[in-house]
Amino acid sequence: METVLRQLTRGNALFLIIILGIGGSFQSGYHITGLSSPSPYIKRFINSSWYDRYEEPPPEATVTIIWSLIVSMYAVGGLFGAVSVKFISDMLGRKRVMICNSFIAIVAAGIMLTSKGAKSYEMIIVARILHGYTAGLGVSAHLMYLGEISPRKIRGVVTLTSATFTSLGKLSGQFFGLSEILGREELWNVVLCVPACFSLVQIIALPFLPEAPRYLFIEKGDVKACHKALQSLWGQGDFKQEMDEMLAEQAAIEAAPPTTSLQLLRDRTVRWQLLSMSLIYCCNQLSGMSAISTFSFDIFLKTGIPRDKIRYVTLGLGVSEILTSISCGLLIEATGRRPLFWGGYGVMSACWVLVTVTLNLKDSSYWVPYIAAGLIIVFIIFFCGGPAGATATLNSEIFIQSNRMASLVLMGIQRWSLFAVLGLVFPFLINALDSYCFVIFACVCLLGSLYTFFILPETKGKTLLEIAEEFKAITVCGKSFIEEQRLETKL
């Protein structure tokens, strides 16, 4: 770890990682949890706005639908952001994409801030769509930027910072949502605009930092600018190993030009990579973590935690999440990626089973709800210390440059589609199934554990081309996608 820190502080790399983080995945994390604390106030605002317009209180089902739209439209915006990342990144480059993204985030904050005075819940929905767009575009561009600035030996640690800043954003959303800070009824619109301050910092600082070296070398063909960017990031050196790796990847790209998302879906040589990332993203989104982050107030209310204590319990979740995410950086290069996946999913599945049991026993004693809260904290520790951290690293390791952008688009579409569906469905699901809705999450986590244990290859310390060969070697029942392609070609 000391070697990693020494390497990060030799140039501007650490500063760039921080600036990318506060304008990238931090924003996404904040807006996921930031809505939980002011949720009762926003629902009251919906009621009062409706009454001012129509001079009658809205039906309860209408309030639930509007609230579900406020939650889920964030994911719809994220979906559009993820779809547009390829086009905008190719047109502007990595650095300018992040700067433009921050400008949009500030516009969204302005709409959110004025929605209260305008007595318009529609403005909240518009702001949430724009915040979602910046999250979808920003998270993808952030991951891509990190993957393209990091040397192979510390790639895992560098790309993991994306997950760390997501956790930091979630913690900040919970912290600023405390009643002692900004979590009061008269300030609910202010608490949702806090990330705009960090967007402004990124707009000011990022122009003075280097573009991604891999982008300069492979996409732009500017060897001199690439070498200059590497020296700016990592200090003086010849960087022969990094340049040779980029050269080998460029040769592979020339043999196989950049693909579109549809071409990637049809390409059997990356079928296992797509299947693996798709299943991992699916398990992450449907593991219950998104539900905890967005609906933590409702979940802890269901477990029996007193209403006035819930905000402090959610703050505890945020603290455990950020500490675990940081500690994952110490583990990922030592243990590898696979154990973090299958071990994390396995414990998460067990946690949900036990939460279901404790929720059915919550009336037996006053301390039982706190056992359920403790189990949810354990769940978060293993999610952030396992699948969440390893996913960010894996995404930049298993696709070469020509396929990476298309894969980010596909994974972004899946991630935000699932997030939107969960945001719309979960409020109704928890009312219909009560505590048994968590059994669904347990089954999803179990599936993730089994797949990553039996199928997923280890990627630690390997080049992108070596990892591609590992995936090509995967067989199930003695067959592989490559063999099927060869057979089709012969026929």
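Modeller: A definition before anything else: a salt bridge here is a side-chain nitrogen of Lys or Arg within 4 Å of a carboxyl oxygen of Asp or Glu. Please also keep in mind that this is a predicted model.

Colleague: Fine. How many salt bridges does a search of the whole structure find?

Modeller: The search finds six. One of them joins the side chains of Glu185 and Arg44, with an N to O distance of 3.1 Å.

Colleague: And where do Glu185 and Arg44 sit in the chain?

Modeller: Glu185 is in the loop between α8 (155-176) and α9 (188-191), whereas Arg44 belongs to helix α4 (residues 39-54), so that the pair, 141 residues apart, links distant parts of the chain. Glu185 counts as partly exposed because its relative accessibility is 36%, and Arg44, at 42%, is likewise partly exposed.

Colleague: What about Arg53, which residue does its side chain meet in a salt bridge?

Modeller: The partner of Arg53 is Glu122, at 2.6 Å from N to O. Since Arg53 lies in helix α4 and Glu122 in helix α7 (residues 121-149), the pair ties together parts that are 69 residues apart in sequence. Arg53 is partly exposed, with a relative accessible area of 36%, and Glu122 is partly exposed at 32%.

Colleague: Then Lys472 and Glu469, which helix are they in?

Modeller: Both lie in helix α22 (residues 464-472), three residues apart, which is about one turn of the helix.

Colleague: Switching to the surface, which residues form the nonpolar patch?

Modeller: The patch is formed by Ile65, Leu69, Val421, Leu424, Val425 and Phe428, which together have about 490 Å² of accessible area. The elements giving two or more residues to this patch are α5 (60-92) and α20 (401-433), and the largest share, four residues, comes from α20. Val425, which is found in helix α20, is partly exposed with a relative accessible area of 39%.

Colleague: Last one, is Asn284 buried or exposed?

Modeller: Asn284 counts as buried because its relative accessibility is 9%, and buried means under 20%. Asn284 is placed in helix α15 (residues 271-285), and its side chain makes a polar contact of 2.6 Å with that of Tyr345.

Colleague: What else does Asn284 touch, not counting residues up to four places away in sequence?

Modeller: Besides Tyr345, Asn284 touches Met289, Phe383, Pro387 and Thr391.

Methods
Residues are numbered from 1 along each chain as its sequence is written. This is a predicted model: local features need pLDDT of at least 70, side-chain atom pairs count only at pLDDT 80 or more; totals for chains, interfaces and linings use all residues. Side-chain values use heavy atoms; hydrogens and water are left out. Buried means under 20% relative accessible area, exposed over 50%, partly exposed in between (1.4 Å probe, protein chains only). A polar contact is a pair of N or O atoms within 3.5 Å; within protein, one must be able to donate a hydrogen and the other to accept it, and residues adjacent in sequence count only if both atoms are side-chain atoms. Contact means heavy atoms within 4.5 Å. Patches are made of residues with over 30% relative accessible area and no salt bridge: like charges are joined within 9 Å, nonpolar side chains (Val, Leu, Ile, Met, Phe, Trp, Tyr) within 5 Å. Accessible areas come from the Shrake-Rupley method with a 1.4 Å probe; for residues, only the protein chains shown count as cover.
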